[in-house]
Amino acid sequence: MLNLSNRLARISRSFALNTNFKPDPLLLDQGIFARKIYRNLSVPEYYEMACSHDPTNPFTTRNFISDTGALCSYSAFSTGRTPKAKRIVQDSESLGTVWWGDVNMPITELGW
């Protein structure tokens, strides 16, 4: 039986072979369908990327930079995470600093 990462890599290879989508072969072996991954960009580069594209979803507005310099972006209805999906590792540091409850639910370090 194949483990999950091998199964994902197999599916992604099949997807790439049967479409015009040509992802990076090194990423494809890891089950990642991205054509390109951006990492370690500077803040101006992130801002430029965020503001240079029109949203693909017609129910969202363009990203913009506020008068205070904050990047403002909007998502469409029901695209965010649910508050009850949030977990925080409960350790000696977080025990006294986090308000535990329905929103901030604890998880062990092993569970993380």
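Analyst: Helices are DSSP runs of H or I with at least four residues, strands are runs of E with at least two, and both are numbered from the N terminus. This is a predicted model, in which local features need pLDDT of at least 70 and side-chain atom pairs count only at pLDDT 80 or more, while totals for chains, interfaces and linings use all residues. Residues are numbered from 1 along each chain as its sequence is written, and side-chain values use heavy atoms, leaving out hydrogens and water.

User: Happy to start with the layout: in what order do the elements of the chain run from the N terminus on?

Analyst: The chain has 4 helices and 4 strands. Listed from the N terminus on, the order of elements is α-α-α-β-β-β-α-β.

User: Where does Asn104 lie?

Analyst: Asn104 touches Lys86, Ile88, Val98 and Trp99, where contact means heavy atoms within 4.5 Å and residues up to four places away in sequence are not counted. As for its place in the chain, Asn104 sits in the loop between helix 4 (92-95) and strand 4 (105-107).

User: Does Asn104 count as buried or exposed?

Analyst: Buried means under 20% relative accessible area, exposed means over 50%, and partly exposed is in between, using a 1.4 Å probe and protein chains only. Asn104 has 16% relative accessibility, so the label is buried.

User: Which residue's backbone oxygen does the side chain of Asn104 reach?

Analyst: A polar contact is a pair of N or O atoms within 3.5 Å; within protein, one must be able to donate a hydrogen and the other to accept it, and residues adjacent in sequence count only if both atoms are side-chain atoms. For the side chain of Asn104, the distance is 3.1 Å and the backbone oxygen belongs to Trp99.

User: How far is the sulfur of Cys72 from the closest cysteine sulfur?

Analyst: A disulfide is a pair of cysteine sulfur atoms within 2.5 Å, and the structure holds 0 of them. Cys51 is in no disulfide. Cys72 is buried, with a relative accessible area of 19%. Its closest cysteine sulfur is that of Cys51, too far for a bond because the distance is 8.8 Å.

User: What is the phi of Asn40, roughly?

Analyst: Asn40 lies in the loop between helix 2 (25-28) and helix 3 (43-51), and it is exposed at 68% relative accessible area. Most residues other than glycine have a negative phi. Asn40 is not a glycine, yet its phi is positive, at about 55 degrees.
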